[in-house]
Amino acid sequence: MTDILPVRVAPPAASADPETMDRASLQALQLERLQWTVRHAYENVPLYRAKFDAAGIAPGDIRSLADVERLPFTTKEDLRGAYPFGMFAVPMDEVRRIHASSGTTGRPTVVGYTQGDLDRWAELIARSLRAAGVQPGWKVHNAYGYGLFTGGLGAHAGIERLGCVVIPVSGGQTARQVQLIRDFEPDVIMCTPSYLLTIADAFEEQGLDARATSLKVAICGAEPWTNEMRRELERRMDLKAVDIYGLSEVMGPGVGQEAVATQDGPHIWEDHFLPEVIDDDLQHVADGERGELVFTTLTKEAFPVIRYRTRDLTRLMPGSAFPAMRRIEKITGRNDDMIILRGVNLFPTQIEEIALEIEHLTPHFVLELTKRGRMDELTVKIECTPGIERATSEAAAQILQARVKERIGTTIGVEIVPTGSLPRSEGKYKRVYDLRARE
């Protein structure tokens, strides 16, 4: 194996503005940073040293960007197995912040940040805000949750870095959110798309016009959402809704951002994150082909990750607003969100897309999985717009059922439920309730 050189204390700096550099210059920077990251991870994270040794690869073997395909993958199970701090690549006295996932399905994944990591994160959020059309001096209503979740504090630092006024509301207390939007007159709101829908509902429930606020831009992320949901939010609130992409294991929000000028999917900030897409056999696929998104961080000091499998399904496309930076197709599903119903793959966002095309149906729905005998059954419980007659709602349900059968190829049940009876999002919205184990 190649001898290991001493690890650099910080990732290589960019020699030009990464937002305007050409693709060749960007790739040269990526390679330099990839080589630093691989060596840094090998030297300082026991899991990576063991994985690299088992694969028969050393840091010095990475001589081109294509060589990333020779490196082993990292999974969420790897991160949970190293709980709490086994993936940290710097001593604890160099760590300045810790975030963690909720851990609702097992041990949480814990991530750490050096001061350099926090500074770069703030810069990337500021860059994302600029791409979303936000200008210094604007007021930003930050309704992402604060605490161990990366959304609130991550967005907060970047809002300040751009020179904007941050209103740190966090999630929940929806009536108060409405009041503060009316009183403080923010220009921008940052929250999950499902929670923005809840806020729009709250305006209407109070007899207020959600289109009459000061809001110009909504920067939404942290959960899959469709272009149909975008159009619904824009129609109801008279603003531009753009997608911010990120995940805590890679950094948090700000890994990528959709430009307000194009609204054609988030550009990945490739000077800091190297994206790939892989197929079901874990093989790299060409740009334009759909599969699972994989990331290697290029500048993370405390918590570098190598080929992290995100479970998000998308494809890589050429840049538009930022020509050197590739875009991803809007994330509307994840491997682990997929429902297999009698042999047919189905995602909650497919139901959302179809429902929002049908008059009188709302985006408020949940999916309940049950079992009848040996057969799995899926029921969509969905609300209609207020005040419509029963016959009209039943007709809308039949249309939804028929279109799901036509487009997805499976039969579902549809149950119209009273307006306001389903839970409202105060952050990430739970769509699927698997009741099969209870039966």
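Analyst: Contact means that heavy atoms lie within 4.5 Å of each other. The model is predicted, so to speak of local features requires pLDDT of at least 70 and side-chain atom pairs count only at pLDDT 80 or more, while totals for chains, interfaces and linings use all residues. Residues are numbered from 1 along each chain as its sequence is written, and side-chain values use heavy atoms, with hydrogens and water left out.

User: With which residue does the side chain of His364 make a polar contact?

Analyst: His364 is found in strand β17; helices (H or I, at least four residues) and strands (E, at least two) are DSSP runs, numbered from the N terminus. His364 is buried, with a relative accessible area of 6%, where buried means under 20%, exposed over 50% and partly exposed in between (1.4 Å probe, protein chains only). Leaving aside neighbours within four places in sequence, His364 is in contact with Leu197, Asp201, Lys381, Ile382, Glu383, Leu422 and Arg424. A polar contact is a pair of N or O atoms within 3.5 Å (within protein, one must be able to donate a hydrogen and the other to accept it, and residues adjacent in sequence count only if both atoms are side-chain atoms), and at 2.3 Å the partner of His364 is Asp201.

User: Within what arc do the buried residues of α10 fall?

Analyst: In α10, the buried residues are Ser393, Ala396, Ala397, Leu400 and Val404. The arc is that of the directions from the helix axis to the C-beta atoms. Seen down the axis, these residues line one face of α10, because they fall within an arc of 100 degrees.

User: Which exposed residues are carried by the face of α10 turned away from its buried side?

Analyst: The buried residues of α10 pack against α9, β17, β18 and β19. The face turned away from this buried side carries Ala391, Gln398 and Glu406.

User: How far apart are the end C-alpha atoms of α10?

Analyst: The expected span of a helix is 1.5 Å times one less than its number of residues. For the 18 residues of α10 (residues 390-407), that span is 26 Å, and the distance between the end C-alpha atoms agrees, being 26 Å.

User: Which residue has its backbone nitrogen within 3.1 Å of a side-chain oxygen of Asp22?

Analyst: Helix α1 (residues 23-44) has 22 residues and reaches 31 Å from its first C-alpha to its last, close to the 32 Å expected. Its buried residues pack against α2, β10 and β11. At the start of α1, the backbone nitrogen reached by Asp22 belongs to Ala24.

User: What is the relative accessible area of Asp238?

Analyst: Most residues other than glycine have a negative phi. Asp238, in the loop between α8 and β7, has a positive phi of about 50 degrees although it is not a glycine. Asp238 is partly exposed, with a relative accessible area of 44%.
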